[in-house]
Amino acid sequence: MLAKVVPRPCSGTGRHGAPAARLWSIGVAGGPRRGGAGGRLVATDAGERMTGSEAVPVVAVAGGKQPVNGSAMAGIDKLVTSTVGKSTNILWHDCPIGQFERQKLLNQKGCVVWITGLSGSGKSTLACALSRELHSRGHLTYILDGDNLRHGLNRDLCFEAKDRAENIRRVGEVAKLFADAGLICIASLISPYRSERSACRKLLHNSTFIEVFLNVPLEVSEARDPKGLYKLARAGKIKGFTGIDDPYEPPSDCEIVIQCKAGDCATPKSMADQVVSYLEANEFLQD
């Protein structure tokens with residue numbers, strides 16, 4: 001006998017623009033029983049499943065040692081395990097307090113504001129100005145700054161193509177967690193390739209990923225050169241530097257574009273206000 005159970009998810013989204021909760025079909029081996037005595041629950045994922053190499057759900061059959069992902073294991077006879085990437089025999093645990101409850105507590109909608117642009121375009125400056133403005137209005141934010149993350153989480157990564165892709169992937173996953181926690185997560189990274197930014201967007205419900213493009217010409221960014229990196233790249237001391245010998249792919253369909261031309265760039269406060277206006281218009285900030 002099968003019954004539908006809808007747990008509140010710890011990740012993903014619920015109300016307020018989030019994906020639907022995962023559905024699980026729960027059956028009692030040998031028919032329905034009261035009090036659970038002698039009965040074993042067998043769960044199967046009735047919701048959307050990942051495919052290919054991402055996840056391989058395995059149903060554990062009730063009774064004794066059961067094959068889970070190809071090996072006999074004692075005690076795994078009630079749950080569904082998955083293989084995600086290189087992780088095997090893992091199980092998603094749902095909790096009674098989900099994103100909706102956290103958002104209600106914080107009086108805001110969790111989202112990711114992803115700021116992209118060339119080195120020296122003002123991404124970190126905008127991130128701090130936006131965080132300051134939202135904080136003054138009573139909203140909780142957290143900044144994921146590319147350089148800051150390389151001091152810890154991503155310190156094992158270099159700037160070669162493979163590591164740069166992994167850098168963006170990790171930041172996207174962390175940003176997703178912050179958004180699920182109900183925070184307004186501000187990610188500030190060059191993130192030069194559309195495909196990598198698109199992959200991060202797909203981690204979240206589309207409306208909760210807000211891409212902000214700082215459209216600052218190369219000559220303006222290079223003239224600023226706050227860290228002296230353009231000078232080193234021009235001298236050949238840095239290889240694969242975005243805008244010099246590695247491309248930057250501007251967004252084709254982002255939510256916000258902040259234009260800057262030589263001698264005509266908005267102040268950090270003005271740029272932050274533009275993002276705040278978008279958040280207000282789309283009901284991410286609640287009174």
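Trainee: Is Cys260 buried or exposed?

Mentor: Cys260 is buried, with a relative accessible area of 6%. Keep in mind that this model is predicted. Cys265 is partly exposed, at 35%.

Trainee: What do Cys260 and Cys265 form?

Mentor: General idea first. A disulfide is a covalent bond between the sulfur atoms of two cysteines. Here, Cys260 and Cys265 form a disulfide, with their sulfur atoms 1.6 Å apart. The structure holds one disulfide.

Trainee: Why is the disulfide of Cys260 and Cys265 right-handed?

Mentor: Look at the torsion about the S-S bond. For Cys260 and Cys265 that torsion is about 45 degrees, so the disulfide is right-handed.

Trainee: Which cysteine sulfur is nearest to that of Cys111?

Mentor: That of Cys185, 8.5 Å away. A disulfide needs sulfur atoms within 2.5 Å. Cys111 is in no disulfide. Cys111 is buried, at 0% relative accessibility. Cys254 is buried too, at 16%.

Trainee: Now the cores. Which residues touch the most other members of the largest nonpolar core?

Mentor: In soluble globular proteins, nonpolar side chains tend to be buried together. In this model the largest nonpolar core has 25 residues, and Val113, Val212 and Leu279 touch the most other members. Elements that give two or more residues to this core include strand 9 (111-116), strand 12 (209-215) and helix 8 (268-281).

Trainee: What is Val113 in contact with, leaving aside its neighbours within four places in sequence?

Mentor: Its contacts include Leu130, Ile184, Cys185, Val212 and Leu279.

Technical notes:
Residues are numbered from 1 along each chain as its sequence is written. This is a predicted model: local features need pLDDT of at least 70, side-chain atom pairs count only at pLDDT 80 or more; totals for chains, interfaces and linings use all residues. Side-chain values use heavy atoms; hydrogens and water are left out. Buried means under 20% relative accessible area, exposed over 50%, partly exposed in between (1.4 Å probe, protein chains only). A nonpolar core is a set of buried Ala, Val, Leu, Ile, Met, Phe, Trp, Tyr and Cys residues joined through side-chain atoms within 4.5 Å. Helices (H or I, at least four residues) and strands (E, at least two) are DSSP runs, numbered from the N terminus. Contact means heavy atoms within 4.5 Å.
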